[in-house]
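Subject: the three-chain model

Hi,

Here is the structure I promised to pass on.

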Amino acid sequence: MSRGDTFIEVKDIVKVFPGVRALDGVSFDIREGECHSLCGENGAGKSTLIKVLTGAHERTEGQYLIDGNEVHFKSTQEAIAMGVSCVYQELSIVPEQSVAKNLFIGNLPKKNGMIDYRKLYADTKDILTQLDMDIDPRMNAGELSIGQQQMIEIGRALTRKARLIIMDEPTSSLSEAETDKLFEICAKLKERNIAIVYISHKLDEVMHLSDRITVIRDGKNIVSMNKEDTTQEELIANMIGRSLENMYNKEKVEIGETVLEVIKLSRRNVFHDIDFTVHKGEVVGFFGLVGAGRSEIMRAVFGADPYDSGAVRITGEELKPHNPALSIEHGMAFATEDRKKEGLMLRLSIMMNMTISNLKRLSHFGVMDKKKQQDAAKEFVESLRVKTPSIAQLVGNLSGGNQQKVVLSKWLMTMPKVLIVDEPTRGIDVGSKAEIYGILNELAKSGVAIIVVSSEIEEVMGVSDKLITIYEGAKTAEFDVTPELTREEVLSCALGGAPKS
Amino acid sequence: MKQAEKLPVKEDSKVVKFFKRNNIILILILVYAAAALLASPGLLGGKKNTFFTVSNTYDLLTLVGVYGILAMGLTFVFIVGGIDLSIGYQVAFCAAIFAVMARSGVNVILAMVITLVCGCAVGYLNGTIVTRIGIPPLIGTLAVMTALKGIVYIICPDSLSVGSATLAGNTLSAVYKLGGAITLPVILIVILTVVFTIFLKYTVTGSNFYITGGNFEAGMLSGINPNRLSRIAYTLGGFCSALCGLLLCFRTNTATYNMGDGIDITAICAIVVGGVKMQGGRGNMAMCIMGVAVIQIITNVMNKLHYSTAVVALVTGIVVILVLILDRFTSGRDVLDD
Amino acid sequence: MNDKKGLKKITGIENFGIYLIMLAFIVVVILIVGPDKFLNVKNLTSLVRSQAVICIIAVAATLVMITGNIDLSVGWMVGFASVIAAAHSDNAFLAIVLPIIACALCGALNGILVGGLKLNAFITTLGTMYVFEGIAYLYGEGKSLSGGATNSAILKALGQSSILFIPTPVWVLAAVAVIFWFILRKTTFGAKIYAVGANKTAARFSGVSPGKTVFLAYLLTGCAVGLAGSIMYARVMSTQIYAGSGYEFDVLSGIVLGGTSVTGGKGNIPGTVLGVIFIGILGNGFTLMGLSANVQYIAQGIILLVAVSADIMKERRA
């Protein structure tokens, strides 16, 4: 087994779930010590493919070869034993346990039937050195930063003598410095002949790190190529299968008086001195890398998180004491980034979800007007084209795009003056994306002030009139979106640079 | 430009951290000191301090022994993130079974072994219901509790005397008392604390209990079979209940149908006061024993001062709630964040 | 649009499987006992009368369960209420209003701790259970707990009379059940209860205050428990301080049999009533069969397991 030899090969993998063909004939190979990136839009089949590779799912058809021998994994355990490990998007750290035990979970060194702590801590030190981490092996893993916890996960793969480490969106919650650190470690792993499958929607990272790149779309692999032979633009074209132009259909809207004013908003260690205003009919984009504090700022503006100083005003009136209920009363609406955790009640019906922020309007003296409630829900199901047999359907049974429409319906029903949408198109297929941009356009035309938070630069530039960049909890620049504004300029400000003028 | 992330975060020193995590040590010292002080003649005590005496300390140790064993079983269940509401009736059930066997002349050692096996079996049943069917532990063990209640009432409608005239009865109560601080419960609790502590810290199975309760998903992904570990924990819980049942039976030479009433709730409160987390993943035998000690000291001192059970209950409840509130505000979590 | 129909829509019950199991069991019991022995007015009224107190408590505690919390202190709370009723048995007004006020305060304490301070509901209400036990004893010790000659006639009527052949406590239960059903299904507060139980964070982001909602659920439960305490005393015109101890588990069993989820966001009032009455029928049937009441506990435990497993299996398939 030397560098460059084929380690894993998958041929024509098909995975069928009831009613869905999640993978429809994927073939690619992974060589020893290479970094192979998988790119594709959400829902393209990347996660399913990983689950097949790691033994979490069994394939329906096709071949899966390791060192030329066909394997049939029944559990993640079997895959781990063959050297295939995965660092999951949702961290599987046990917070109340020591770093050492977290590293060697399921694999503790033993002597005479007892845990050999001396060896455990020595081995841990060894792994930590390999990862360039200077922490106490006895420390609780819960006290580490997210980035350090991620490293522990990678370390865990090392303790299992992994030959392939799959990293699923590893940088999605890392700071810039932590991301750089991760890349250094990846380079070291490659030197040790460990292969990496890297999955990320951040194409600059993919281009930086990969030796080869495979693009997946609609459950099929579209193309595999060497990094040198491609460009980001080509990748994007391959991923979406058509050109991005015209998806946003931004229309010119008359911009009215100031609706939302945020003044010197600060929260210790999270963000500071955030100033901005949003006007009637205006779309303000917030761009920054994940972890820059964009969502935290919005949560504070909405009153869901506390802030230490500063003020939030709607049409001149300060919101105090600030909480979500008061914000909603004053016409603010907030479609959060994490739909399942903060936006929806999955066990309840579409009707309940859509009307929960409108109870006052749909009731008399605290008694619900069922007729009004149903009519309101039906109206929005129709106007936003939510695909469902009934408004009594549980939201948990809907697709991501339809769930997002339920969230938007909930907020549109409150007839907001200000609508904040945080990552409005995350986890949504291309078709629904265009629909959601359409809805935002309509709203702007009808005079709603809109804030769009996004980590996708095309999106934020495509929908906004004004653009604000956030870096490490501070506002770094404010641009008017004109055809002359370049992505590079925006990106450099989001990375901490100062605006040109 | 100022960078929000780089602002210095106030770090607790190691000592502060330790005591925040193990506030039970301070609580225990405080409660014991308060008890000894309040019971002194100048304050609430009568002519002399009946709490702060050698013989009462021996009694107290014995009580901690008996109820500590039960609480240790529950500690295992808590660590894997479960709960067992049936332990009270497990105690009564095991005591009743033992009494029935001892009365019908079964060899005492054999009867004890069978009783312990029965305890393990009930614990395993609980574990199976929770892990294989997937019933929430609260409901699953409530069902087992209800069924056990029926069984206990049938086996032991009132009380069953093992009979002090029998050889078994004599020997057992003699062994139970032994003399001075050395009673059977005290010996057992010392041995079990050591054994269980080693089990939790030095064996892979015990160590993985924490993974099961701390992050079930992580356990699944790393192949430690958390469901199996949960069953083991529930089984150990059953074993400890059986042991507690035997001890209670030895103490008075009788088994009564209601001997487990209330001690389950006391055990839950005690280990929570001790700092064992109900959500799983945190706790150890030392915390458990100290928690039991706190509750027993409160009960004991108030009995000595001739307060009614009412006041004892009231104070116990208030202590439990205060400890919860204390945890809430020292855990450093954002109060707004659910 | 195909909206929920008929029974489902009115009751809010989503899944009838659990009730079918209970029904099948009842049919078996009736067949063994003999329909004439079981299905006569006298037996049925005594059956429902005996379950009325627990049922009222369970109906109220269903609210707390749907918010994703639990109230284990109801047992001692109802005992406390009955003692207050006993102490004021010469004045019907006081014997009804004072227990309600006292238990409302108890409920408010639970509500502040669980809703306001966000403490773990299970352990907190175990703690307050001790507190209420203590208070009940401190208040009740030395007081006469059976009113004797001084009993108010109205209070007696509340516990022992019948209106239209149906015992008054059952009428009270019906009223309480309808009120709580109305609160849950028809009011904005009910919608908030479901929302908080289904997803606390999402509810907060939607402008619902989880703390306030949970507090009110506990407070209302307290009020209903107070009323149940008065009835508990009035039924036999005497009580014990510990009369309600252990009720918390019967209440919990009834609620769970009624299809309410322990994790919150799912549950309904008619189901709880059925669940509690079912437990009553079980006991009644076993007594009529000439079996000891103890066998009932074994059966109750097994049925709880079977019913909940069936529910889980069904959800897993879906």
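Chain A has 501 residues, and a compact globule of that length would have a radius of gyration near 23 Å; chain A comes out at 25 Å, which agrees. Bear in mind that this is a predicted model. The C-alpha trace of chain A spans about 70 × 50 × 50 Å along its principal axes. Its secondary structure amounts to 17 helices and 24 strands. Buried residues make up 47% of chain A. If you take the contacts in chain A between residues at least 6 apart in sequence, 68% of them join residues at least 24 apart.

Chain C has 15 helices and two strands, and 59% of its residues are buried. Of the contacts in chain C with a separation of 6 or more, 79% are between residues 24 or more positions apart.

Then there is chain B, with 14 helices and two strands. Of its 338 residues, 54% count as buried. Contacts between residues at least 24 apart are 75% of those in chain B that join residues at least 6 apart in sequence.

Now for how the chains meet.

**B with C.** This contact takes 37 residues from chain B and 42 residues from chain C. On the chain C side, α7, α11 (200-205), α13 (247-257) and α15 (293-317) each supply at least two residues. Which helix gives the largest share of that side? That would be α7(C), with 14 residues. By class, the side of chain C that touches chain B divides into 25 nonpolar, 13 polar and four charged residues.

Helix α14 of chain B (residues 309-330) packs against helix α7 of chain C (residues 121-140) at an angle of about 155°, with the axes 7 Å apart. Angles over 145 degrees count as roughly antiparallel, so α14(B) is roughly antiparallel to α7(C). Their crossing is left-handed. The residues of this helix contact are 16 nonpolar, seven polar and one charged.

**A with B.** Here the contact takes 28 residues from chain A and 24 residues from chain B. On the chain B side, α9 (204-214) and α10 (216-221) each supply at least two residues. The most comes from α9(B), with five residues. The side of chain B that touches chain A has twelve nonpolar, eight polar and four charged residues.

So is α9(B) mostly buried or exposed? Nine of its eleven residues are buried, so α9(B) is largely enclosed by the rest of the structure. The buried ones are B:G206, B:S207, B:N208, B:F209, B:Y210, B:I211, B:T212, B:G213 and B:G214. The cover over them includes elements of two chains: α3 (99-103) and β8 (114-115) of chain A, together with α3, α8 (184-202), α10 and α11 of chain B.

From α3(B) the contact includes B:V66, B:I69, B:L70 and B:F76, and among the partners in α11(B) are B:Y234, B:L236, B:F239 and B:L247. Its residues divide into 17 nonpolar, three polar and no charged.

Helix α8(C) (residues 153-160) and helix α12(C) (residues 210-236) pack at an angle of about 95°, with their axes 7 Å apart. That makes α8(C) roughly perpendicular to α12(C). C:L155, C:K156, C:L158, C:G159 and C:Q160 in α8(C) meet C:S230, C:I231, C:A234 and C:R235 in α12(C). This contact has four nonpolar, three polar and two charged residues.

Cheers

Note on methods
Residues are numbered from 1 along each chain as its sequence is written. Chains are lettered from A and ligands numbered from 1 in the order in which they are written. This is a predicted model: local features need pLDDT of at least 70, side-chain atom pairs count only at pLDDT 80 or more; totals for chains, interfaces and linings use all residues. Axes are lines fitted to C-alpha atoms, for helices over the stretch in contact, and angles run from 0 to 180 degrees between N-to-C directions. Helices (H or I, at least four residues) and strands (E, at least two) are DSSP runs, numbered from the N terminus. Angles under 35 degrees count as roughly parallel, over 145 as roughly antiparallel, 65 to 115 as roughly perpendicular and the rest as oblique. A crossing is left-handed if the near helix is turned anticlockwise from the far one by less than a right angle, and right-handed if clockwise. Ala, Val, Leu, Ile, Met, Phe, Trp, Tyr, Cys and Pro count as nonpolar, Asp, Glu, Lys and Arg as charged, and the others, Gly among them, as polar. Two residues are in contact if their C-beta atoms, placed from the backbone, lie within 7 Å. A residue is buried if 20 or more other C-beta atoms lie within 10 Å of its own, exposed if 12 or fewer, and partly exposed in between; C-beta atoms are placed from the backbone. The radius of gyration is taken over C-alpha atoms; the globule rule is 2.2 Å times the number of residues to the power 0.38.
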